[in-house]
Amino acid sequence: MSSLHPVVAEVTARLIERSRESRAAYLARIDAAAGGDGPHRAQLSCGNLAHGFAGCTGDDKAALREGRGPNLGIVTAYNDMLSAHRPYERYPALIRELAHQFGATAQVAGGVPAMCDGVTQGRAGMELSLFSRDVIAMATAVALSHDMFDGALYLGICDKIVPGLLIGALSFGHLPGAFVPSGPMPSGIPNEQKSKVRQAFAEGKATRAELLEAEAASYHSPGTCTFYGTANSNQMLMEIMGLQLPGSSFVAPDTPLRDALTRAAVQAVAVHAASATRLPLGHIVDERAIVNGVVGLHATGGSTNHLMHLVAMARAAGVMLSWDDFDALSSVVPLLARVYPNGYADVNQFHEAGGMAFLIDQLLDAGLLNPDVQTLAGKGLAAYTFVPELNGTGQLAWKPVGKQSGNRGVLRSADEPFRPDGGLRLLDGNLGRAVIKVSAVPEDRLLIEAPAVVFDDQDAVRAAFERGELNRDFVAVVRFQGPQAIGMPELHKLTPTLAVLQDRGHRIALVTDGRMSGASGRVPAAIHVTPEAAAGGPLARVRGGDMIRLDCANGRLDVLVDAAEFATRAPDAGSQAAHQAGTGRELFALFRNHAMNADLGAGVL
C-alpha cells in the first residue's frame, strides 16, 4: 500500500479544517443523544414501553420487557413495483429470525417512500423525485424517533432512497447501523442494444412494440437495474464508505450468498449495538470516508447526482463537502471501470471482473483512499479488498481479491487506467457553475461552440426535433428545470434525441439547470447549472442565437455576448408556473420555495 497521494491528503485535510466546527457540533449532538450505558427504552415510561412491545409475540415481548439484548430497528423502502426493492418483501421476517441467533430482537421501525425514476422518467412524477430524498430522510427519522432501538438496518438501493435513508440515519447517528442491499437483477439484453432501439424509435425507425420488447428484455426481473446509474453508484458508495459489508453490493438477490451477507450485517449491528463495542454510524461517516466516496465515484465514472446527494449526506454529518473538492480529486483519480453508459458492460460483469474488492485494492495500492477509516467490518479499509464466498460447509468466508482483473475491458488496475482522470469536470463562467461528466464523451466533442436554441422544457426539444428544426450545430439550453422551478427532474427523454443528432455529425451540447444523473452518455451535457434560471440566474437571460462556448479542457461555460449588454437584459419569466399545478405537485410547493442551490446539495433550507 502506497503512502496517501498528496492531493487526496490535501483535500482531506482541507475538508477536516473547513468542517472543524460543524463536525464537532454534530459529534457532540449525537454523543449526547447516546446518553448512558443502556438502551433508551429503559428510560421509557411503562405506558410508552408497553406500546413498543405490544405487537410482539413470544420471547421477543419478554426480551423487550426485560431489557434483554439489543433491539434492532428495520427501516425499509420495500415496495413491489420497484424491481430493486421487490426482494425486500421477505427481509423483515428473515432479519427477525437472524437477530434471534445473536441474542437480539428486531422490529420494523417504519417504511419510507420509494419512487422509481425509471417509471416516472419524462412524466410529472419526476418533478417530485429529487425532493423525495428529503421526505425519505424525514420518514427515516420518524421511524427511529421512538427510543426503542439500539441499532438499525436500512433497506434501500435506488436513486434518492439511499441518500435519504443515510441523511435520516445520520440525524440518529448515535445508533449503530448498516445498509443492507439486495443485489442486481440478472443481465438482460446488452445496454448498447437497448440504446440503439431507443434511438431508432426517436427517429421513427422502430415501433412502440419493438421499443417495449427491448425495454422489457432489459428490465426483466426483481433486482436493481444493471446499468451504472445512481442506484448502483449508491451501492458502490455505501461499500467504499464502509456502511455495507465487503463485497455485498452486487451479489444476486435471493441466493444463499446474499442471505449469508444479510446474516453477517445483522450480526455486525448486533455487535456494534452492545455497549462494550458500540460503534455509532455517525462516527463511521467522517471526512475521510466522504473523501473515499468521492474517489470511488471518480474511479468508476459514477452518477453526477452525487454532486448533490453526497454534498447533502456529508452535511448531515457536519462535513462541508464542496464541488471544488470533487474537481480537485477528479484531476488525480484515474478511471478504472467502464460500465454502461461509460462502456459496454453492466454491473454484473463489473462484479465478475473483480468488482468492488479489486477496485478498492487498486485504489489503496495507489494511495488514493484514506485507509485508516472505521467501517462496519472493523478498523481500516483493507477488509474491503476481500471477496465473500460460501465455504464447503455453506458458511460465509472472505478470500483476498486477485491482483489481475478478470476482464480488462471492464475493470483495470491503477497502472493502466481507461483514462488518467475521473471524467468529471467543474465548469465556471458567465452562465454560472455547472458540472459535466466526460468519461463517455468523444475527445472531439470536449469543446463545443454553437448558437443557443432555448427551451423551457424537454418536450419542446423533442417537438423541435420532429419538426426538423434541429438538423444543425447548436447548444440546447433547457432552463427552468432547477429545484426552485419544478423540482429538478432528470431529463433523460433528451438523451435519444440528442444522440441521434450527434450521430448525424452535428456538433451539439446541452446546458441545463436540470439533472441527467449517471446515464448522461455521449452527448456533452453541462448540468446542475447554478444559480438556476428561476432564481434569476444567467440562463434566464440567454436568447436564441446567442453563441455558447462549452470548454471542458479549460473548465469554462460562457455565453459569448457583450458583457454590458448581457447584464442589462431582463430575465425571462419562463413557463415553470404551468408545471407547479397538478396531481401531487402542489404538495411540494414548500420544498420548491425553500430549495437550496444544486452545489449546496439541492435540499431544503
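Trainee: Where is the place of T76?

Mentor: Welcome! Keep in mind that this is a predicted model. Look along residues 71–76, and you will find that the place of T76 is in strand 1.

Trainee: Is T76 buried or exposed?

Mentor: Buried means under 20% relative accessible area. T76 has 12% relative accessibility, so it counts as buried.

Trainee: Which residue in strand 2 does T76 stand opposite?

Mentor: Strand 1 and strand 2 run parallel, and six bridges join them. Leaving aside residues up to four places away in sequence, T76 touches Y88, V108, G110, G111, V112 and L155. In strand 2, the residue opposite T76 is G111.

Trainee: Which are the edge strands of the open sheet of four strands?

Mentor: Start with the order, 2-1-3-4, in which the pairing is parallel. An edge strand pairs on one side only, and that picks out strand 2 (105–111) and strand 4 (177–179).

Trainee: Which helix lies across strand 1, strand 3 and strand 4?

Mentor: Find strand 3 at residues 151–155 and look for a helix running at about 150° to it. The one that lies across strand 1, strand 3 and strand 4 spans residues 256–273, and it is helix 12.

Trainee: How many of the 10 residues of helix 21 are buried?

Mentor: Helix 21 covers residues 494–503, and its buried residues include L494, P496 and Q502. Among what covers them are helix 9 (191–202) and strand 13 (508–512). Helix 21 is largely enclosed by the rest of the structure, because the number of its residues that are buried is eight.

Terms used. Residues are numbered from 1 along each chain as its sequence is written. This is a predicted model: local features need pLDDT of at least 70, side-chain atom pairs count only at pLDDT 80 or more; totals for chains, interfaces and linings use all residues. Side-chain values use heavy atoms; hydrogens and water are left out. Buried means under 20% relative accessible area, exposed over 50%, partly exposed in between (1.4 Å probe, protein chains only). Helices (H or I, at least four residues) and strands (E, at least two) are DSSP runs, numbered from the N terminus. Contact means heavy atoms within 4.5 Å. Two strands pair if DSSP finds at least two bridges between them. Axes are lines fitted to C-alpha atoms, for helices over the stretch in contact, and angles run from 0 to 180 degrees between N-to-C directions.
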